Amino acid sequence: MSDSTRSDSTRADLARADTARPSLAARLPGLSALGPLLALILLVALGAYLNENFLSAGNVTNVLARSAFIGMIAVGMTFVITSGGLDLSVGSMAAFIAGVMILAMNALLPSMGVGVPLILAGMGIALGAGLLAGLGNGLLVTKARIEPFIVTLGTMGIFRSLVTWLADGGTISLDFGVRQLYRPVYYSGLFGIAWPILVFAVVAIAGQVAMRHTRFGRYCEAIGSNDKVALYSAVNVERIRLMTYVLLGLLVGLATIMYVPRLGSASGSTGMLWELEAIAAVIIGGTALKGGYGRVWGTVIGVLILSLIDNILILADLVSPYLNGTIQGVIIVLAVVLQRSKSSA
Amino acid sequence: MSAAPERAAAPVLELVDVRKSFGPIEILHGIDFALHAGEVHALIGENGAGKSTIMKILGGFLAPSSGAVRLDGKPAPYATGAQAEALGVVVIHQEFNLAPDLTVSENIWLGRELGGIFLDHRAMRAGTQALLDELDSPIRPEARIRDLPVSDRQMVEIAKALARKARVLVMDEPSAVLTHKEVEVLFRQIERLRAQGVALLYTSHRLEEITRLADRVTVLRDGAVVRRAGRGELTEDGMATAMVGRKLEDIYPAKRHHAGAVALEVKSFSVPPLVKDISFSLRRGEVLGISGLVGSGRTELAEGLVGLRPASGEILRHGVPVKVGSVREAAACGMAYLTEDRKEHGLLLDKNLAVNLTLSTLARFGTPFIDAGREEAALTRAISDFDIRAPRRDMKVGNLSGGNQQKLLLAKTMLGDPEVVIIDEPTRGIDVGTKSQIYAFIDALAAEGRSVIVISSDMPEILGLSDRVLVMRHGRIAGELEGERLTENAVVRLVMGTNEQASGSASHV
């Protein structure tokens, strides 16, 4: 629209030349993005070196199936954290949903009898409870405008105490007959891959696609990056934030559905500290705790790293398994240090 | 190239053949630049010419790729901004360096608190009060930075620099956010500091300020010094020509508008608590200017109109009443608002160009999956339509110059194809060359039959762009001017209120 000077047009030409072919370096993830992946590969190599059973199908299935619960929750947590939120209540929520689900199935047993419909009803109830729990968290954050940390610190205590109360301080157990029918959901699988691993894989892939290729993911990043800008850009900030909590609640419900057949019971200590493991996995994976940037595949790697450390310590006599927490803690801090060096570069 | 005035005294702070590269791109090409005690040295140039980089190198925030920084003739012994500050080299950044939750006093003494084990709050408060009194500022030492308007924050930054006993003071566009009266206070302080022997670097896009303050002027273009001059050697026109590298014709488009049908009608519109009972109408193809002091309710009115603030009253589009409760509803009614605060409200600074461009119209780029190819195509078109100059397409928007950020924001707003566009401070902190481009864009929007509202504190801008001007004062419309009656004098009278004398230059109101 206006004449450019010679030097200006040279500059513009340069820009155009550059834009024509984005540099390869810019397309590859940086070293800090690959850091978690390298750490994972190192851990696998270390595990294989220390114990020959490490790479056996049995052990791999065991590690992955145990990762699946935290993993599904961590994928949901990635969206909450990316949009600038936090949810401390997920561990208690899982315990609460497990309790409600088992009680409901036991209560429905006389009328429905042992069968697939009863299991499906239990699953529906778990998802419904997760949805409502997430909705509650989300509404308190968006409508009542209370800090997510405070809201979920509160609901964390509420869910935990509710499940303890429902269990009357003990354990809520699923009816033995129903448990036999439900067991394969954890212990069996398709093509030799356990169901929890399959479900986790689907959740992870869907999460990665949602984060990178849908409006929902883009809006989460925008809101976490600067919620004012998002608001001024016609983004429905409150609804997206609410959706992240509801999504997380649903995924906690899904994780519970996969978890209940494993033990067939729930108690006041079910899902203890899951919230911290999930948050740690998200952070190790390279998602910024302050929001604005989310990486679902990183979260998956974070979850695997945390369970591998656990597994290696148990398999190898190198270090006492009691030091598990120490090593995980060091990894979390290292991950954040790596993130910082990225942002200052 | 004319020689700078000879000085017996050696420079306090000096750059010798400084080059700076970011990656493969050289930003500064061998800069020689010196600050002398008791002098104001103005550094001027278009956005992206390299002023900020020079200031960062002087202040120790960036290291040059080659060349030397000399303090008192010796290599500067500092590597960080904090070390430079300890040696009396203080930079006042455009983005303020204040802790928003601390008080004015706490900020001023931050890092050098008085007292032993326990803080001596009283002495610090008294010291702060003395500094603020010197600056003729009514700011209270106990006020929280968060609660202060931008202009007050600027004053606090200046007070902080005074408290640091600066020998060298680098000021990055300090007047950009100040009102006319505050600029006067700032100038008195600059003159006082100069008399005390402080070496000052001053930048501004307002060339009349340069003429008034500067003992020396250095003009930058594309990372090189293109002109050095002493006081009085360069006219404002000469400065602008040197900066842009070409003759500046009138930067405002010729008035031409053939207003069409009424596109927007606003009736007894109020945005509590400030804006009350505003009524006006806007035609197709018309540019309506809104003038008024900072704090007169201009931005509040605009934000109320697009649903960013709760408001009451009636909005009619093409004679049909519409309800606007959010930016989305405003967009659905064909109305868009371009914020005055592009860094806090307009752009995601740590995201790339494409993400920013499409954020408010993302639904048009595919459901359920965003079509990356269409986004890239939209960016390519925006870059050429709005002449956005980005070294790399995938760079963070925060690393673009202010002018290019503004062009991107304009492109983002126009992507929604709004019929009514409200542009708040279209050229704040933007160089002359980009300004004239943005004026041409605004003119083109009106020529296409869109209705444009321009809110501006820049008097020549309001007069140069608008077909009609509304003046706001204390949240109400003080008057409306059009045609013959639309003169600088008339606008200033309305802006200031009839009981005040409109006098002197009005370009800062």
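How much area is buried between chain A and chain B, and what share of it do carbon and sulfur atoms give?

## Before we dig in

This is a predicted model, where local features need pLDDT of at least 70 and side-chain atom pairs count only at pLDDT 80 or more, while totals for chains, interfaces and linings use all residues. Residues are numbered from 1 along each chain as its sequence is written, chains are lettered from A and ligands numbered from 1 in the order in which they are written, and side-chain values use heavy atoms, with hydrogens and water left out.

## Where the two chains meet

Back to the opening question: about 3300 Å² is buried between chain A and chain B, and carbon and sulfur atoms give 54% of that. Buried area here is the accessible area (1.4 Å probe) that two parts lose on being put together, summed over both. Chain A puts 33 residues into the contact and chain B puts in 43 residues, with contact meaning heavy atoms within 4.5 Å.

What about charged pairs? Two salt bridges are counted between chain A and chain B; a salt bridge is a side-chain nitrogen of Lys or Arg within 4 Å of a carboxyl oxygen of Asp or Glu. B:K351 and A:E221 meet this way through their side chains, at 3.2 Å from N to O. There are also 11 residue pairs in polar contact between chain A and chain B, both residues being at pLDDT 80 or more. A polar contact is a pair of N or O atoms within 3.5 Å; within protein, one must be able to donate a hydrogen and the other to accept it, and residues adjacent in sequence count only if both atoms are side-chain atoms.

On the side of chain A that touches chain B, at least two residues each come from α1 (6-20), α10 (195-213), α11 (215-225) and α12 (227-232) of chain A. Helices (H or I, at least four residues) and strands (E, at least two) are DSSP runs, numbered from the N terminus. Sorted by class, that side of chain A has 13 nonpolar, 12 polar and eight charged residues. Ala, Val, Leu, Ile, Met, Phe, Trp, Tyr, Cys and Pro count as nonpolar, Asp, Glu, Lys and Arg as charged, and the others, Gly among them, as polar.

## A sheet in chain B

Chain B has an open sheet of four strands in the order β2-β1-β4-β5, with antiparallel pairing. Two strands pair if DSSP finds at least two bridges between them. At the edges sit β2 (25-35) and β5 (74-75) of chain B, each pairing on one side only.

Seven bridges link β1(B) and β2(B), with B:F22 opposite B:I25 in β2(B). Strand β1 (residues 13-22) of chain B is also joined by five bridges to β4 (residues 66-71) of chain B. There, B:L15 stands opposite B:V69, and B:E14 stands opposite B:R70.

## A tie and some backbone details

Over all chains, the structure holds 32 salt bridges. One of them pairs B:D72 with B:R167, the closest N and O atoms being 2.9 Å apart. B:D72 lies in the loop between β4 and β5 of chain B and B:R167 in the loop between α5 (150-163) and β7 (168-171) of chain B, so this pair ties together parts that are 95 residues apart in sequence.

Most residues other than glycine have a negative phi, and most peptide bonds are trans. The bond from B:P272 to B:P273 is cis, with omega near 0°, and B:P273 lies in the loop between β11 (262-271) and β12 (275-283) of chain B. A:F191 has a positive phi, near 50°, and is found in the loop between β2 (189-190) and β3 (193-194) of chain A.
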